[in-house]
Amino acid sequence: MLTPRHRLCTGTRLRAVLSACVGTATTLAAGMCAAQDGAAAPTVVPAVPAVPPLMPAPVMSGASAPANALATLPHDLSAWGMFLGASPVVQGVMIGLALASVATWTIAIAKVIELSAAKRKARAALAMLEDARSLTQAAERVGFSQGTAATLLRAVLTETHLSADAPSRDGLMDRAASRLERIEAAAGRRMARGTGILATIGSTGPFIGLFGTVWGIMTSFIGISRAQTTNLAVVAPGIAEALLATAIGLVAAIPAVVVYNACSRAISGHKAQLTDVSAAALRLLSRDLDRRALPRGATATGSAGNSAAAE
C-alpha cells in the first residue's frame with residue numbers, strides 16, 4: 001500500500017514527465033515548421049533580385065565620347081561620299097589622278113586612230129613599190145597621196161634630181177639613204193608624241209596615290225586622338241577615304257602602263273614598215289642606176305615640186 005507521501009511523490013514525478021513530453025513535442029513541432037519554412041524559401045527568394053543590375057555611372061560617362069563621335073560619322077561610305085568626306089589634300093590628289101586617267105584614255109584613243117591610219121598607208125605604199133619597175137612608175141602611182149611612205153619616195157626622187165650632175169653611183173645611194181633615214185626618225189618621233197605622258201603617269205601614279213593615303217591616315221589618327229577612342233567605327237571611315245586615293249592612283253597608273261607598252265610595240269612595228277618602204281625605194285633607185293634610166297627633166301622636177309608641196 002502506498003502511503004499518502006508516496007502518492008504525492010509519484011504524482012509530482014508524473015507531472016514532471018508529462019511536462020517534459022509536452023516540451024519535447026513543442027520543440028519537434030517548431031523544428032518541423034522551421035524545416036518547412038526553409039524548404040519553401042528557395043522558391044521565394046529568386047523572384048526578387050537581391051542585387052540590382054550593374055550599370056556603373058563611370059562607364060556611361062566614358063561612353064559619351066564614342067557616342068558623340070559616332071553621331072558625327074559620315075553615313076554615306078560610297079566612293080563619292082568618301083571623296084566628299086576626305087581632307088582637302090586628299091581631294092586634290094584624287095582630282096589630279098582622275099585628270100591623269102582622262103589624259104591616258106584620250107592619248108590611247110588618239111594613238112589608236114593615228115597608228116592605224118599610218119600602218120594602212122604604209123602597207124599600201126609598200127605593195128605599190130614592190131609592184132613598180134622603176135622610180136618613174138612608182139612616182140606616177142604615188143601621185144599626190146599623203147603619208148610617210150609617199151614622202152620617202154619623193155625624197156629619193158628629189159635627191160636623184162639634185163644629183164643629176166654627180167655621176168657617182170655610191171654617192172647618190174648614200175645621200176638617198178641619209179634622207180630616208182632622217183625621214184624615218186622624224187616619223188618615229190612624231191608617232192611617239194604623247195607616250196612620255198603615259199610613262200610619267202604609269203610611274204608616278206601609285207606614289208601620288210600613296211601620298212594621299214599617308215596624308216589621310218595621318219589625319220584619321222589625329223581625329224582618333226581628339227576623340228579619345230579606338231572604336232573601329234570611328235577609325236574605319238577615315239582609313240577608307242585614305243585608301244581610296246591609292247585605289248584611284250592604281251586605276252590611273254595601270255592603264256597608262258598598258259597603253260604605253262602597246263603604243264611602243266605599235267610604233268616599233270610602224271618603224272619596221274617604214275624601213276621596208278625605204279629599202280624598196282633604194283632598190284628601185286639602184287635598179288634605175290644600173291639601167292641608166294634615172295628620171296630626168298620634167299618628171300624629176302614635178303616629183304620634187306610634189307615633195308615640197310607635200311612637206
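**Figure 1. The crossing of helices H6 and H7 is left-handed.** This view comes from a predicted model, and it brings together H6, residues 135-142, and H7, residues 148-162. The axes of H6 and H7 come within 10 Å and cross at roughly 135°. Angles over 145 degrees would count as roughly antiparallel and those from 65 to 115 as roughly perpendicular, so H6 and H7 are described as oblique to each other. On the H6 side, look for Leu-135, Ala-138, Ala-139 and Val-142. Their partners on H7 are Ala-150, Leu-153, Arg-154, Val-156, Leu-157 and Thr-160. Sorted by class, the residues of this contact are 8 nonpolar, 1 polar and 1 charged.

**Figure 2. Lys-111 is a buried lysine in helix H5.** Helix H5 covers residues 88-131. Is Lys-111 buried or exposed? Its relative accessibility is 6%, and buried means under 20%, so Lys-111 counts as buried. The side chain of Lys-111 reaches the backbone oxygen of Met-191 at 2.7 Å. Setting aside neighbours within four places in sequence, Lys-111 is in contact with a run of residues, Arg-190, Met-191, Ala-192 and Arg-193, as well as with Ser-116 and Cys-263.

**Figure 3. Lys-111 and Ala-262 are 151 residues apart in sequence.** How far apart are Lys-111 and Ala-262 in space? From C-alpha to C-alpha, the distance is 9.9 Å. Cys-263, which you met in the previous view, is in contact with Lys-111.

**Figure 4. Ser-286 sits in helix H10.** Helix H10 spans residues 232-291. With a relative accessible area of 18%, Ser-286 falls under the 20% cut-off and is therefore buried. Which residues does Ser-286 touch, not counting those up to four places away in sequence? They are Arg-169 and Met-173.

**Figure 5. The whole chain, for orientation, has 11 helices and 0 strands.** The chain has 311 residues, and buried ones make up 33% of them; Lys-111 and Ser-286 are both buried. Among contacts between residues at least 6 apart in sequence, 83% join residues at least 24 apart.

Terms used. Residues numbered from 1 in each chain as written. Predicted model: local features only at pLDDT ≥ 70, side-chain atom pairs only at ≥ 80, totals over all residues. Heavy atoms only, no water. Axes fitted to C-alpha atoms, helices over the stretch in contact; angles between N-to-C directions. Helix = DSSP H or I, 4+ residues; strand = E, 2+ residues; numbered from the N terminus. Parallel < 35°, antiparallel > 145°, perpendicular 65-115°, else oblique. Left-handed = near helix turned anticlockwise from the far one by under 90°. Contact = heavy atoms within 4.5 Å. Nonpolar A, V, L, I, M, F, W, Y, C, P; charged D, E, K, R; others polar. Buried < 20%, exposed > 50% of the residue type's maximum accessible area, 1.4 Å probe, protein only. Polar contact = N/O pair within 3.5 Å; in protein donor to acceptor, adjacent residues only side chain to side chain.
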